[in-house]
Amino acid sequence: MELLTGEYRNTLDEKGRILFPSKLRNELFGDAEKNVLIVTQSFDRCLWLYTLDEWKSLSSKIMENASPFSKQSRLVLRSLIAPAQEVELDKAGRLSIPQSLREYAGLSKDCVILGINRYMELWDADEYAAYLKENDEDLKDAAETLSNISL
């Protein structure tokens, strides 16, 4: 799989579908018969989108390290693994976002899809703008921690 990058803006229709960018569709699926993504909650009031293979890898690692006897593990499992749903793109390239996940992320009409290497995020455009504004100083501090990376 190619690395997924880019910021794409699209609108959510009245049925909760969003046109998935053709560039990402081509990178993810090529000529595959079944175009399926796993959609789940993230930790920043957006949704995470994974291919089946990436999701299997991530969820397996989480499950290997989680215990039903740990309060923290149960919280992560209930917040990340449990709400995950398999969603197939339709023939027009639209992804139908389940209502519970739309509500969690506050998706209204204008949305942002971010390609972040091996997964994607889906944000309500206003929520994303507010998130960036609210975390501007934290971003600068976080970037400072990467100062040992040389180009």
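Reader: Why is R9 called exposed?

Author: R9 has a relative accessible area of 52%. Exposed means over 50%, buried under 20%, and partly exposed in between (1.4 Å probe, protein chains only), so the word follows from the cut-off. The model is a predicted one, in which local features need pLDDT of at least 70 and side-chain atom pairs count only at pLDDT 80 or more, while totals for chains, interfaces and linings use all residues. Residues are numbered from 1 along each chain as its sequence is written, and side-chain values use heavy atoms, with hydrogens and water left out.

Reader: How do you know that R9 forms a salt bridge with E7?

Author: The closest N and O atoms of R9 and E7 are 3.0 Å apart. A salt bridge requires a side-chain nitrogen of Lys or Arg within 4 Å of a carboxyl oxygen of Asp or Glu, and therefore the pair qualifies. E7 counts as partly exposed because its relative accessibility is 44%. The structure holds eight salt bridges.

Reader: What makes D136, E137 and K140 a network?

Author: These residues are linked by salt bridges. D136 meets K140 at 3.3 Å, N to O, and E137 meets K140 at 3.5 Å, N to O. D136 and K140 both lie in helix α6, four residues apart, about one turn of the helix. Helices are DSSP runs (H or I, at least four residues), numbered from the N terminus.

Reader: Is E137 buried or exposed?

Author: E137 is exposed, because its relative accessible area is 51%. D136, in contrast, counts as partly exposed, because its value is 34%.

Reader: Why is the pair of F43 and W48 called edge-to-face?

Author: A pair of aromatic rings is described by the distance of the centres and the angle of the planes. The structure holds seven aromatic pairs. In the pair of F43 and W48, the centres are 5.4 Å apart and the planes are at 85°. Rings of Phe, Tyr and Trp (its six-membered ring) pair if their centres lie within 6.5 Å; planes under 30 degrees apart count as stacked, over 60 as edge-to-face and the rest as tilted, so the name applies. W48 counts as buried because its relative accessibility is 13%.

Reader: What makes the pair of W123 and Y128 tilted?

Author: Their planes are at 50°, with 5.3 Å centre to centre; this angle falls in neither the stacked nor the edge-to-face range, and therefore the pair is tilted. Both W123 and Y128 are buried.

How values were computed. Helices (H or I, at least four residues) and strands (E, at least two) are DSSP runs, numbered from the N terminus.
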